[in-house]
Amino acid sequence: MKATAKAHTNIALIKYWGKRDETLILPTNNSLSVTLDGFYTTTSVEFNEQFTKDTFVLDDVSIAGEQYQRVANFLNLVRQLAGKEIYAEVKSTNAVPTAAGFASSASGFAALAAASTKAIGLKLDNTELSRLTRQGSGSACRSIFGGFAEWKKGEKDDGTDSFAVPITPKEHWDIRVAAVVLSSKMKKVSSREGMKRTVDTSPFFQGWVDSIPTDLAEIKEGIFAKDFEKVGQIAEANCLKMHATTLGAQPPFTYWLDTTVTVMQTVRALREQGIPAYFTIDAGPNVKVLYLPENEEEVQSTLRNIPGVTDVKLSRVGQGITYLED
Ligand code: 2P0
């Protein structure tokens, strides 16, 4: 009863920001992301009658506390679905530099869901797997698929219609993403806490939700037509709207540092020089820059030269989950 799976992280171009149900992890809006080739998690899960509890080892370190509990809670869902009372040994390796500001929870829960369901003998299709993965971490449900994927928020209270669907496969379009890493010692407001505070207190939150259907319809047109400027403009504006909601929260907060703003201004300056590049930012200070393959050299060297930038990591569009031989 052992299986190994690999899943890549994803970056949202239309952000998931706000939950309508915190237990089932049901969002207030649809979101859309691109799966990234460069950052992934590989996870092996073994269920064994001899085990007396779940164990979780991440990059050769035994994990306890909240991180362990989230994994064990997810395994409870898998056991419930399979109707089996049996514990697991989970071993993960992350090729997601945590410092790059990617939520390793996206690739982490996608790989855990794929490996654990296979190991326990469940035969789920990707829709069923995405729906289950969502309950580990919302954004992870999009990482089941490669290329561009949309998480449909669903309408029901039980979450059965809330899962991701593929929009276009990885082969559709070769765009690139640069993860711009900044030096930061800032205390982080977690995305869970940040989105909850925004939903509960920000008067800008309803405006955010209301604006999503138009952004989604237009960005999908842009993706199908491979219209990079259209996709970039919508993604950048959507990110700025998400971050604007945090300034309206009580107490107000922002994920940005001064260098975050410098990177944003540099990306705009690249555009003024005729290089199409657009930024997006998640629940942290680091910036991700979208660009086209022919501009890789110039975009990379410009970003590396910004004072306060400690690293720039490049990625192509990635594939969905894969199962590895044990
Ligand atoms: C996203 N983020 O769409 C958005 C944009 C952060 C900003 O999904 O509570 O770790 O586990 O469902 O998925 C980060 O939130 O939150 C996130 P949970 P998750 O990628």
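Hi everyone, let's start with a charge and a ring: Lys6 lies over the face of Tyr40, at 4.1 Å from the ring centre. A charge counts as sitting over a ring if NZ of Lys or CZ of Arg is within 6 Å of the ring centre and within 35 degrees of the ring normal.

A quick word on the model. It is predicted, so local features need pLDDT of at least 70 and side-chain atom pairs count only at pLDDT 80 or more, while totals for chains, interfaces and linings use all residues. Residues are numbered from 1 along each chain as its sequence is written, and side-chain values use heavy atoms, with hydrogens and water left out.

Now, the aromatic rings. Two rings of Phe, Tyr or Trp (its six-membered ring) pair if their centres lie within 6.5 Å; planes under 30 degrees apart are stacked, over 60 edge-to-face, and the rest tilted. How many aromatic pairs does this rule give? The count comes to seven. Take Phe74 and Phe109: their ring centres are 5.9 Å apart and their planes stand at 70 degrees, so this pair is edge-to-face. Phe74 lies in helix 1 and Phe109 in helix 2 (residues 104–119), so the pair ties together parts that are 35 residues apart in sequence. Helices here are DSSP runs of H or I with at least four residues, strands are runs of E with at least two, and both are numbered from the N terminus.

Buried means under 20% relative accessible area, exposed over 50%, and partly exposed in between, with a 1.4 Å probe and protein chains only.

Next come Trp173 and Phe228, with ring centres 6.2 Å apart and planes at 80 degrees, so this pair is edge-to-face. Trp173 lies in the loop between strand 9 (163–168) and strand 10 (176–182), and Phe228 in helix 6 (residues 228–247), so the pair ties together parts 55 residues apart in sequence. Trp173 is buried at 9%, and Phe228 is buried at 6%. Together with Phe148 and Tyr278, Trp173 and Phe228 form one aromatic cluster.

Finally, some strands. Strand 7 (residues 88–95) pairs with strand 4 (residues 31–47) in the antiparallel sense over eight bridges, and Val90 in strand 7 is the bridge partner of Val45. With strand 5 (residues 55–58), strand 7 pairs in the parallel sense over four bridges. Strands pair if DSSP finds at least two bridges between them.
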